[in-house]
Amino acid sequence: MRVSAIIGAALLAASTGLYAQAPKGEPKDADRAARREQVKQAHEKAVKACEGKQGDERRACIRKEVCAQSKDPKACEARIAKARDTHAKARKACEAKQGDERRECMRKEMCAQSKDPANCEAQAKEWAAQRDKARAACKGKEGDALRSCMREQMGATPKK
């Protein structure tokens, strides 16, 4: 009788600890979605602030505006500089290749430098599939009509 009471009490005590833990998957996804929305809003504000500028001047303006809105502007600038350096290294490593072979090389080089290469590869393949789908939808268009169609298909906001 005592043994069964002790076992029952132990099981009851162990089971209460399981209910106290929050599920691990949901908050991460919710946090990621909230962060994505914040980044999108910051980018939209930056685009409005940099209207009328083109090329390198526009890119620098948008980078400055986006980083100014972040929690740590210096860390933001450092991340952007690291990404720019990584892209330059990948471009140099893949300069002899062309077309799909170059695109594949760039993806591998860029993802090799990321924190999670497997996730980077998966995301890059997803973007490539989206790009291919947009290209198929915009087939036969040229110039501004093509650019506008691609932006629309890819979900980007059109330039005004």
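User: Which residue does a disulfide join to C50?
Analyst: C61, with an S to S distance of 1.9 Å. A disulfide here is a pair of cysteine sulfur atoms within 2.5 Å. Ground rules: this is a predicted model, where local features need pLDDT of at least 70, side-chain atom pairs count only at pLDDT 80 or more, and totals for chains, interfaces and linings use all residues. Residues are numbered from 1 along each chain as its sequence is written, and side-chain values use heavy atoms, leaving out hydrogens and water.

User: Why is the disulfide of C50 and C61 left-handed?
Analyst: The torsion about its S-S bond is about -85 degrees, so the disulfide of C50 and C61 is left-handed.

User: What does that pair tie together?
Analyst: C50 lies in the loop between α2 (25-49) and α3 (55-68), and C61 in helix α3, so the pair ties together parts eleven residues apart in sequence. Helices are DSSP runs of H or I, at least four residues, numbered from the N terminus.

User: How many disulfides in the whole structure?
Analyst: Five. Counting bonded cysteines along the chain, the pattern is 1-2, 3-4, 5-6, 7-8, 9-10.

User: What about C67 and C76?
Analyst: They form a disulfide, sulfur atoms 2.0 Å apart. The link is left-handed, with -70 degrees about the S-S bond. C67 and C76 are buried.

User: And where do C94 and C105 sit?
Analyst: C94 is in the loop between α4 (73-93) and α5 (99-112), and C105 is in helix α5. Both are buried.

Conventions: Helices (H or I, at least four residues) and strands (E, at least two) are DSSP runs, numbered from the N terminus. Buried means under 20% relative accessible area, exposed over 50%, partly exposed in between (1.4 Å probe, protein chains only).
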